[in-house]
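Subject: Structure handover

Hello,

Here is the structure for you to look through. My notes follow below it.

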Amino acid sequence: MTTLTDRYLAATLRSVPVARREEIATELRASIEDMVEGRTAGGQDATTAEREVLTELGDPDKLAARYADRRLQLIGPAYYLAWARLMKLLLSFIPALVGVLAGLLRVADGGDVGAGIGTGISAAIQVAVQIAFWVTAVFAVLERTKIPLHLPAWSVDQLPEDTAGRQITLADIAASVTFLALVIAYLPMQHFRSFVPTDGDDNLPVLDPALWSFWLPFLIVVLVATIGLEFAKYRAGRWTWPLVAVNAVLDLAFAVPVVWLMSTDRLLNPDLVARFDWLGEGDNLNLVATAVIAGTVLVTLWDILDSAVKAWRNRT
């Protein structure tokens, strides 16, 4: 009759290399017998002693892994930190970037805004899943083949800076850069797909196409420079007077042309104004222009004053 020890040995040996099974079986059986004899010598029943000894040895698969020097984790401590850092880096921007691009392409291809949002979300989720799977699979293979990563050794120079007094956080910069990137993308895209409803399939740009001769490229350059300023702000960690000056110049470089073009009826596409009858009624167009100009001036002044106040607070 098969004993518990025989069953335990069979369960253990099935997970170890064939070449070592006889050696491990002999060694493990002898250990079990010695442990059982030690307990029975103290007056314990042999059956109870055998059961307790095998329970103490634990799961046979774990024991087999120790004999075979096989790791029981997908990614162990030697590779975990590198895996986690790479995952955080890739997932922090790639799914969102692909989602935005996929959504924009869907809309540019004739889909409505809802279809573009759905396509973008679906693409972002799929990319995130693919990144998580393949990065984890690669590190799991590295774990089992024990290929060294040859990463630089840690030193105190890698300690993060104290961010307790940082005025400008990564979240602030990410939000600003994302907004600016969307505005930059929309300026040329609205010439092909503006989302303005029309009677037919024709596209109706919001801004006057004549502005492409100078003003729209100029505004795009200003927005790109503003993105550069955002990175400079994050690097500095706080507002400084040189950053305030550059911010004011860029704000005015964008606001002044917008205000001038709007006040001279050169910003909006004339066909857009003609498309909506209510814009041509009474002073409606002037009211829209006044709202745009007032909003632009207020936002610009607020941004300049806010940056100046924060820089002034840093004087000490």
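**Salt bridges**

Glutamate 230 and lysine 233 join their side chains in a salt bridge, at 3.1 Å from N to O. The term means a side-chain nitrogen of Lys or Arg within 4 Å of a carboxyl oxygen of Asp or Glu. The model is predicted: local features need pLDDT of at least 70, side-chain atom pairs count only at pLDDT 80 or more, and totals for chains, interfaces and linings use all residues. Residues are numbered from 1 along each chain as its sequence is written, and side-chain values use heavy atoms, leaving out hydrogens and water.

Both partners sit in helix H8 (residues 215-236), three residues apart, about one turn of the helix. Helices are DSSP runs (H or I, at least four residues), numbered from the N terminus. Are glutamate 230 and lysine 233 buried or exposed? Both are buried, that is, under 20% relative accessible area; exposed is over 50%, and partly exposed lies in between (1.4 Å probe, protein chains only).

The whole structure holds six salt bridges. One of them pairs arginine 39 with glutamate 52, with the closest N and O atoms 3.0 Å apart. This pair links distant parts of the chain: arginine 39 is in helix H2 (residues 21-40) and glutamate 52 in helix H3 (residues 46-57). Arginine 39 is partly exposed at 25%, and glutamate 52 is partly exposed at 34%.

Lysine 310 and aspartate 306 form a salt bridge too, at 3.2 Å from N to O. They lie in helix H11, four residues apart. Salt bridges with shared partners join Arg39, Glu52 and Glu56 into one network.

Best wishes

Technical notes. Helix = DSSP H or I, 4+ residues; strand = E, 2+ residues; numbered from the N terminus.
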